[in-house]
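Here is a briefing on one protein chain.

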Amino acid sequence: MSSLGIVMLVHTALDRVERVARHWTASGCPVVIHVDRKVTNSAYSTLVTACSDNPLIQFSDRHVCEWGGWGIVAASQSAATQMLDSFPQVRHVFLASGACLPLRPVGELMDYLADRPRVDFIESATTRDVSWTMGGLDLERFTLRFPFSWRKQRRLFDAYVRLQRVVGMRRAIPEGLVPHMGSQWWCLTRQTLSAILQDPKRPDYDRYFRRVWIPDESYFQTLARLYSTHIESRSLTLSKFDYQGRPHMFYDDHLQLLRRSDCFVARKVWHGADRLYQSFLSDENSAMTPAEPNPGKIDRVFSKAVERRIRGRDGLYMQSCFPRATSERGLTAFPYSVLQGFSELFEDFEPWLANVTSARVHGHLFHPEKAQFANGGTMMNGALPDCASLRDYNPTAFLSNVIWNTRGERQCFQFGPNDSQQINEFLLRDLNASIAIITGAWAVPLFRSNMNFADIRCEAARLQQRETKQLELLDTARTNSRIRVWTMAEFVESPMEHLQTVLEDMGAPQPTHLTEAPTMVDLTGFGKFLQNLKNQGMHPYLMGDFPVNDVFGGQAKSFKKPYLVQ
């Protein structure tokens, strides 16, 4: 007969309970099952009948088990008492739930405990050493009263806690007890467990812990410190929790992860995880190499899961993890470029840029009439249409989806003061945005247009005002993006140098220096055009200092031909 006994607390998926219980008894381990009294009598009777042919499976008195309530402790007491009375050969009692699954051959666990006959495996730490408590209650869970259910009577629970704090109500901790906390799932020696259950002061201890919040995490953890001669403050059950204190659920795709942990038992396993039950409850499981249980080997995976649950993935917006200003990282999923003034200053700039870089080069994605996708497309990856009204309903989500749906491919789009300006603050906050601005370049299309000059003056004033507000935002906003700004005059003085800088920011696979730039539009007479705007009462200051005679540095400047490196 085995020296290891298993106590199982169950309340659902009773078909799985029977299979796991038989797996334990196949290695000679007796099993005492406690079935929550909320389970229907018919379901309970069915389970008892199904296990009646196995003399190593017994059922204890039933209690109502509520989360955070005394019933779980009472159930553990009843089942453990029956285990010690019915199976005198048992030397260690292992507490498990119906959602626990053995990960290694039972014989390995028995050998492991046989080598440590006096060791109690129970997580047990004082309140000042505990960092995992949720809800703001640590020592107070031992000094306040909790007659109301935290889950079912939350308002009454919170109100009564506040009342006790205000009036200074405090419960006295029984003499000799130092409150400890830890995982509910323990493995105790017969000596320690029988000492707890047979203590003459047990009625006093039980009376006290009935009003402790979540006593299943403190009753045995505290009392074991009175009687155990050797406590290893850890659980032999792999049980991971998320940032809200809820247990992680294991599914079929966690098979290799669970094997890497080398733990004896895992909780909580989904009752529908057929692959896990088939793998770990079969003889093939005996092929695993014996090793010390080490849940730390998979802690990195759980830490990553918690981080992703809290913060999501950069650029992926969903209901469960929508970015917040106080916790956001990258607002988009991949680096991209925003170019302002380039398509106005250079002819066929977008095809040229697409040719010299690996980026997908769009036109003005935020043009008032429609989103100008690359190559004249009307639909983007992810079924994003070019419809301006849909885009402007939530422009930040539109841009984030553009980048998310094309992540891995550099995106570049044109921008300007005539475009929808709602996206400006988003661009400035985004770590992935690289912004290059030639100020005043919006005047070039006006200069080349056949509009009435009075209309040109009004439009120039409007565009200059909008670009000025944008530039002011650059100075005042919390800026995370990479930004380069040139006046149009500065850029025209040395276009090759500045284009080289833009391409380097984009990570373009280019030689060290450009050999040819795109054709710049003919700017002959542009200086005189700006002077005419001034003469009409509009002061065009964003372009920089353009000479009226189109002479830079004492020499005439030709604007008609491409710039070439000599």
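In what order do the three strands of the open sheet run? The order is β5-β12-β11, and the pairing is mixed. This is a predicted model, in which local features need pLDDT of at least 70, side-chain atom pairs count only at pLDDT 80 or more, and totals for chains, interfaces and linings use all residues. Residues are numbered from 1 along each chain as its sequence is written, and side-chain values use heavy atoms, with hydrogens and water left out.

**Overall**

- The chain has 22 helices and 21 strands. Both are DSSP runs numbered from the N terminus: helices are H or I with at least four residues, strands are E with at least two.
- Of the 566 residues, 51% count as buried. Buried means under 20% relative accessible area, exposed means over 50%, and partly exposed lies in between (1.4 Å probe, protein chains only).
- Among contacts between residues at least 6 apart in sequence, 75% join residues at least 24 apart. A contact means heavy atoms within 4.5 Å.

**The open sheet**

- β5 (101-102) and β11 (237-239) stand at the edges. Each has a single partner strand, so one side of each is left without a neighbour in the sheet.
- β5 pairs with β12 (residues 265-267) in the antiparallel sense over two bridges. Two strands pair if DSSP finds at least two bridges between them.
- Pro-102 stands opposite Val-265 in β12.

- Five of the five residues of β2 (residues 31-35) are buried.
- Both faces are covered: Val-31, Ile-33 and Val-35 are buried on one side, Val-32 and His-34 on the other. In a regular strand the side chains alternate between the two faces of the sheet.
- β1 (residues 4-10) pairs with β2 in the parallel sense over five bridges. Met-8 stands opposite Ile-33.
- From β1 the chain crosses through helix α1 (residues 14-26) to β2, a right-handed β-α-β crossover. Right-handed means that, with the strands pointing away from the viewer, the path from the first strand over the helix to the second runs clockwise.
- β2 also pairs with β3 (residues 57-59), in the parallel sense over three bridges. Gln-58 in β3 is the bridge partner of Val-32.
- The crossover from β2 through helix α2 (residues 41-51) to β3 is right-handed.

**Cores and an enclosed helix**

- The largest nonpolar core has 69 residues. A nonpolar core is a set of buried Ala, Val, Leu, Ile, Met, Phe, Trp, Tyr and Cys residues joined through side-chain atoms within 4.5 Å.
- Phe-342, Leu-345, Leu-353, Met-488 and Phe-526 have the most contacts inside this core.
- Leaving out residues up to four places away in sequence, Phe-342 touches several residues, including Phe-349, Ala-436, Trp-486 and Leu-499.
- A second, separate core has 50 residues, among them Val-17, Ile-57, Cys-100 and Leu-101.
- Helix α7 (residues 190-197) is largely enclosed by the rest of the structure, because six of its eight residues are buried. These are Arg-190, Thr-192, Leu-193, Ser-194, Ile-196 and Leu-197.
- The buried residues of α7 pack against several elements, including α3 (71-86), β4 (92-97) and α8 (202-209).

**Aromatic pairs and charges over rings**

- The whole structure holds 34 aromatic pairs. Rings of Phe, Tyr and Trp (its six-membered ring) pair if their centres lie within 6.5 Å; planes under 30 degrees apart count as stacked, over 60 as edge-to-face and the rest as tilted.
- Phe-366 and Phe-398 form an edge-to-face pair, 5.9 Å centre to centre with 80° between the planes.
- This pair links distant parts of the chain, 32 residues apart: Phe-366 lies in the loop between β14 (360-364) and β15 (379-380), Phe-398 in helix α16 (residues 395-405).
- Phe-366 counts as buried at 0% relative accessibility, and Phe-398 counts as buried at 6%.
- Phe-447 and Phe-526 are also edge-to-face, because their ring centres are 5.3 Å apart and their planes at 85°. Phe-447 sits in helix α18 (residues 443-447) and Phe-526 in helix α22 (residues 526-535), 79 residues apart.
- Phe-526 is buried, with a relative accessible area of 0%.
- Trp-70, Trp-186, Tyr-208, Phe-209, Tyr-219 and Phe-220 form one aromatic cluster.
- Arg-16 lies over the face of Tyr-277, 4.1 Å from the ring centre. A charge sits over a ring if NZ of Lys or CZ of Arg is within 6 Å of the ring centre and within 35 degrees of the ring normal.
- Arg-62 lies over the face of Tyr-44, at 4.2 Å from the ring centre.
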